[in-house]
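Please look at the sequence and the structure below, and then read the briefing that follows.

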Amino acid sequence: MYQVPKLDDYSAGSLEKAFAELRAAFDAEAQAPLDEAGWKAFRDRWLGRKSGILTQVNEQWLKAAPAEAKREVGRRLNEIKDEISSRVNELRSKRQDVVVMPIGSEARASAGSPSVSGTHQLDITLPGIRRPLGAQHPILRTMNEVVAVFRAMGYSIGEGPEIESDYYNFEALNFPPNHPARDSQDTFFVAGEEAKPARERLLLRTHTSPVQIRTMEKQAPPVRIVIPGKCYRHDTPDATHSPLFHQVEGLAVDTGITFSDLKGTLDHAMKALFGSSVKTRFFPSFFPFTEPSADVAITCFKCNGKGCRMCKMSGWIELLGSGMVDPAVFGFVKKNGYDPEKISGFAFGMGVDRIAMMKYEIDDISLLFQGDVRFLEQFA
Ligand SMILES: [Zn+2]
């Protein structure tokens with residue numbers, strides 16, 4: 001390692017030799033490849049204010065110089081100071097180019113990246129920017145799981161408008177005007193529709209069932225379709241009710257479809273969704289658009305039917321409404337080949353929000369709609 005020698009002879013030749021040795025020493029040390037810490041040490045060794053080599057030269061050569069030599073020593077010292085400090089800085093930006101290249105930034109660097117100009121400094125020791133992965137909302141995930149089970153059985157997916165006419169939402173599904181069954185579905189009506197005939201008035205659909213009619217109008221039998229989507233009812237919000245909710249509904253129509261097909265299909269679907277040990281139970285119910293109608297319960301997938309908080313100690317969870325399509329419903333699409341004398345079918349529907357809440361143990365439905373990332377990121 002170079003050390004600043006004492007200078008006894010201030011003749012021109014001696015000064016020339018001393019500064020040449022200084023420059024050669026710097027050149028030699030500047031050859032070594034440096035990391036960030038190494039470059040800093042190198043800079044301090046040559047340019048450090050307190051004990052850097054140039055400071056030592058200033059102390060030992062310039063200050064000690066006889067009066068007649070001071071001018072010459074000062075000139076040479078200033079010259080080499082400029083040279084060394086600019087080359088030290090140069091080494092730093094060169095070092096960065098070497099670092100930038102291996103991480104695949106050749107293109108960026110050659111395209112005029114700021115790092116080439118030396119104004120932008122890339123510190124590869126800093127932690128990188130973490131891009132959080134997105135994830136499906138628990139409702140969408142549940143809906144997709146249900147739909148996937150039926151797709152595997154050959155069902156296709158149907159969609160329809162969320163703003164529906166009274167005809168599709170009620171009348172064609174065998175809810176006659178003023179029928180008491182309409183009262184069970186508190187409906188949001190679109191304002192300013194009073195001038196229209198009742199069946200044309202618009203409302204927010206209260207179930208996904210209108211898509212059954214719309215599908216049958218477009219497609220002659222056979223039909224196998226699942227209908228996922230948003231529905232709206234004028235429910236007072238509480239832990240289990242929300243004016244916005246989601247359903248997945250299904251419809252199968254063909255010749256010779258019986259209640260056994262309905263039971264077999266739903267039993268298989270529930271096992272596919274909740275595990276092969278799940279049992280199903282059908283008991284009588286009423287829907288205007290199915291006859292006979294049945295509610296379907298499954299054994300609690302949490303306690304396996306022993307009884308727990310989720311199933312209210314009953315061991316059973318009511319999950320679906322279902323039934324054989326009422327012949328009166330086929331009457332509305334008869335001209336498209338839906339002759340109730342020749343064909344039959346079944347329909348079923350389930351609330352997606354409730355399934356998601358049970359599956360993920362969410363005890364307040366409003367959490368699903370608040371968009372709070374702290375809640376949602378648990379499902380990522
Ligand atoms: Zn249970």
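The zinc ion is held by four protein donors, namely Cys-300 (SG), Cys-303 (SG), Cys-308 (SG) and Cys-311 (SG), which lie 2.2 to 2.3 Å from the ion; donors are N, O and S atoms within 2.8 Å of the metal (3.2 Å for Na, K and Ca), and sites may look incomplete because water is not among the atoms. This is a predicted model, in which local features need pLDDT of at least 70 and side-chain atom pairs count only at pLDDT 80 or more, while totals for chains, interfaces and linings use all residues. Residues are numbered from 1 along each chain as its sequence is written, and side-chain values use heavy atoms, with hydrogens and water left out.

**The zinc site**

- The arrangement of the four donor atoms is tetrahedral because they subtend angles of 103 to 114° around the zinc ion, and four donors count as tetrahedral if all angles lie between 85 and 135 degrees.
- For comparison, the ideal angle for four tetrahedral donors at a metal is 109.5 degrees.
- Along the sequence, the donor residues follow the spacing C-x2-C-x4-C-x2-C.
- Both Cys-303 and Cys-311 are buried, where buried means under 20% relative accessible area, exposed means over 50%, and partly exposed lies in between (1.4 Å probe, protein chains only).

**Strand E5 and its partners**

- Strand E5 covers residues 244-254, and ten of its eleven residues are buried; strands (E, at least two residues) and helices (H or I, at least four) are DSSP runs, numbered from the N terminus.
- Strand E4 (residues 223-232) runs antiparallel to E5 and is joined to E5 by ten bridges; two strands pair if DSSP finds at least two bridges between them.
- Within this pairing, Ile-227 has Glu-249 in E5 as its bridge partner.
- Strand E9 (residues 344-351) is also antiparallel to E5, with eight bridges joining the two, and Gly-250 stands opposite Phe-348 in E9.
- In a regular strand the side chains alternate between the two faces of the sheet.

**Gln-247, a residue of E5**

- Gln-247 lies in strand E5, and Gln-247 counts as buried because its relative accessible area is 13%.
- Leaving out residues up to four places away in sequence, Gln-247 touches several residues, among them Met-143, His-207, Thr-208, Ile-227 and Met-350, where contact means heavy atoms within 4.5 Å.
- The side chain of Gln-247 reaches the backbone nitrogen of Thr-208 at 3.0 Å.
- Although Gln-247 and Arg-354 are 107 residues apart along the chain, their C-alpha atoms are separated by 9.6 Å.

**Helix H9**

- Pro-210, Val-211, Gln-212, Ile-213, Thr-215 and Met-216 are the buried residues of H9.
- These buried residues of H9 pack against several elements, including E2, E4, E5 and E9.

**Salt bridges**

- Side chains of opposite charge can pair when their charged atoms come close.
- A search of the whole structure finds 21 salt bridges, a salt bridge being a side-chain nitrogen of Lys or Arg within 4 Å of a carboxyl oxygen of Asp or Glu.
- Arg-45 and Glu-29 meet through their side chains in a salt bridge (2.6 Å, N to O). Arg-45 lies in helix H2 (residues 36-47) and Glu-29 in helix H1 (residues 12-30), so the pair ties together parts that are 16 residues apart in sequence.
- Arg-45 is partly exposed, with a relative accessible area of 22%, whereas Glu-29 counts as buried at 17% relative accessibility.
- Arg-92 and Glu-36 form another salt bridge between their side chains (2.5 Å, N to O). This pair links distant parts of the chain, with Arg-92 in helix H4 (residues 67-100) and Glu-36 in helix H2, 56 residues apart.
- Glu-164 and Arg-214 also meet in a salt bridge (2.7 Å, N to O). The pair links distant parts of the chain, as Glu-164 is in strand E2 (residues 163-165) and Arg-214 in helix H9 (residues 210-218), 50 residues apart.
- Glu-164 is buried, with a relative accessible area of 1%, while Arg-214 is partly exposed at 25%.

Conventions
Tetrahedral: all angles 85-135°; square planar, octahedral: opposite > 155°, others 65-115°. Polar contact = N/O pair within 3.5 Å; in protein donor to acceptor, adjacent residues only side chain to side chain.
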